[in-house]
Amino acid sequence: MAGHDTRAEATLAYVLHPDLKSVRTRRLPEHGLAEAVALAAALPGLEMVGAEIVRLPKMQPGMLFGSGKVAELGARMKALDVGLVLIDGPVTPVQQRNLEKEWGVKLLDRTGLILEIFADRALTREGVLQVELAALSYQRTRLVRAWTHLERQRGGLGFVGGPGETQIESDRRAIDDQVVRIKRQLDKVAKTRELHRAARRKVPFPLVALVGYTNAGKSTLFNRITGADVLAKDMLFATLDPTMRGMELPDGRKVILSDTVGFISELPTQLVAAFRATLEEVLEADLILHVRDISHPESSEQAADVRDILTSLGVRAETPQFEIWNKLDLVDDTARAALEAQADKSARIFALSSVTGHGVQTLLDAISQAFEVTRSSEELHLDFAMGRAHAWLHAEGVIENEVLTDTGWTLHVRWTERQAKAFAAV
C-alpha cells in the first residue's frame, strides 16, 4: 500500500557501545559497535534508528553513564521514539532498571541480546532447552522476567507485542524449579547424544569439526565440501544447531564433518555452560578446522577469541588443527596474492574461498594426508559363515589378495590399527 509506514510494525532500536577507558580490550570501539549493530540486525522485528560509541571515563554504579550523558541520551531516545536500547556490554540489574525507568524504554545488554538471538534461532528440542537453561541462569540475577520465550517452544523478542509487554514477576524458587526440570530433560538428550557418539566410535570414521567466529563462513564451507544444504547467510549466528554429515575424501577415506555453532567475543558464560553438550563434539574431534573470515578487519582478534573459547572448553593441545583463511573472494587482488603467499601448508594454514571453491581441493588433500597412518599386513582365514565380515573388508578396501578355499576365504589385508579394531567388533 502506498505510503504504508513500516515503522509501526517494528520496534525502533538504538545501539550504544560503552568505551570504558579503564578496560583493555582487543577490539577497537568502532569495530565493537559494528558487531553490536550486526547482532541487532540478526533479530527480526527491529528497525535500527541509531548507534553510537559512548566514551566512559569510569562506570557509574547506578546508571552506568554519568547524569549528564543519561539526560543527553534520553532526549535523543525520546526524539527518535526509541522503544529498545541495546547496550553492547554488561549491565547490572540495578543499572538496567534505572535506565529503563529514566528513558522509558526496554533495555538489553550484550548477554540479553545474544540470548534473544539464540532463542529465536534454536530449532531442535535440545537447542530450545539449552537456550532456556542459559536464559534462566542469567535471569536468576534479575528481578523481573523479560523473556516470554521461556514459556513457549520458540521465542525471542518477548518485549515486542503479545504477553511480553507485561513483565511477569518470578521468584528465584520458581526459576530454580524450571532449571531442575530443564536439566533433567537435557540429561536425557545428552545420554542419547553419547549413544550416538559410541555408535560412531564403532564405525569408526574420523571426526572433523568446523569451528570459528560467527559469520566466518563455516556453514558455506560445510555445504561446499559435503554438498549439504545448511542455512548459510551473511548474518551473525545464522546457524545454531550443529549439523553432521558423512563425506568421502579424495583418497576414498570416509570422515564425518561437523558444523558447530559460531563463537563470539564475550560469549555469555551461561551459553558456554548450556551448550557444552553440543560443543563436546569439538572435544571428540580428530581434526579441528578453525575457519577465519580473513576479510574482516579484526580477523586476528576474532581468531584469538576462538582460541580462548576452545581452551576453556578443554580442547586437547595435541588435537591437530588447521587454520582456514576463508572469504578470499572478498579481498582485492593484491591482498589475495599476499594472503596466498603467506598461507603455509606445512604450518597447516590454508587460504581459500568457500563461495567460489578456490583452494578447497588443496584443503581436502591436506585433510586426507592428516589421516595417513601406519598400515600393517596380515593374513586372515574366514569361513563361509563369516560373510558379513568378508563384505566389511571389501567395503573398507583393505584386501590385497584373496583366495577361495573349500571352507571359506584366505585373505591378505593391509589395514590400520583402527580398522583392525573395527574388524574385531564386526
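**View 1. Strands β1 and β3 sit side by side.** Four bridges tie strand β1 (residues 11–20) to strand β3 (residues 84–87), and the two run parallel. Here helices (H or I, at least four residues) and strands (E, at least two) are DSSP runs, numbered from the N terminus, and two strands pair if DSSP finds at least two bridges between them. Look for Y14, which stands opposite V85 in β3. One thing to keep in mind: this is a predicted model, where local features need pLDDT of at least 70, side-chain atom pairs count only at pLDDT 80 or more, and totals for chains, interfaces and linings use all residues. Residues are numbered from 1 along each chain as its sequence is written, and side-chain values use heavy atoms, leaving out hydrogens and water.

**View 2. The open sheet has four strands.** Their order is β2-β1-β3-β4, with parallel pairing. At the edges you'll find β2 (46–56) and β4 (106–109), each pairing on one side only.

View 3. Helix α3 (residues 93–103) touches β1, β3 and β4, and its direction makes about 145 degrees with that of β4. Helix α4 (residues 110–121) touches β3 and β4, at about 90 degrees to the direction of β4. Contact means heavy atoms within 4.5 Å; axes are lines fitted to C-alpha atoms, for helices over the stretch in contact, and angles run from 0 to 180 degrees between N-to-C directions.

**View 4. Helix α7 meets helix α12.** Helix α7 (residues 218–226) and helix α12 (residues 360–370) pack at about 75 degrees, with their axes 11 Å apart. The contact is made by L221, R224 and I225 of α7 and V360, L363 and L364 of α12.
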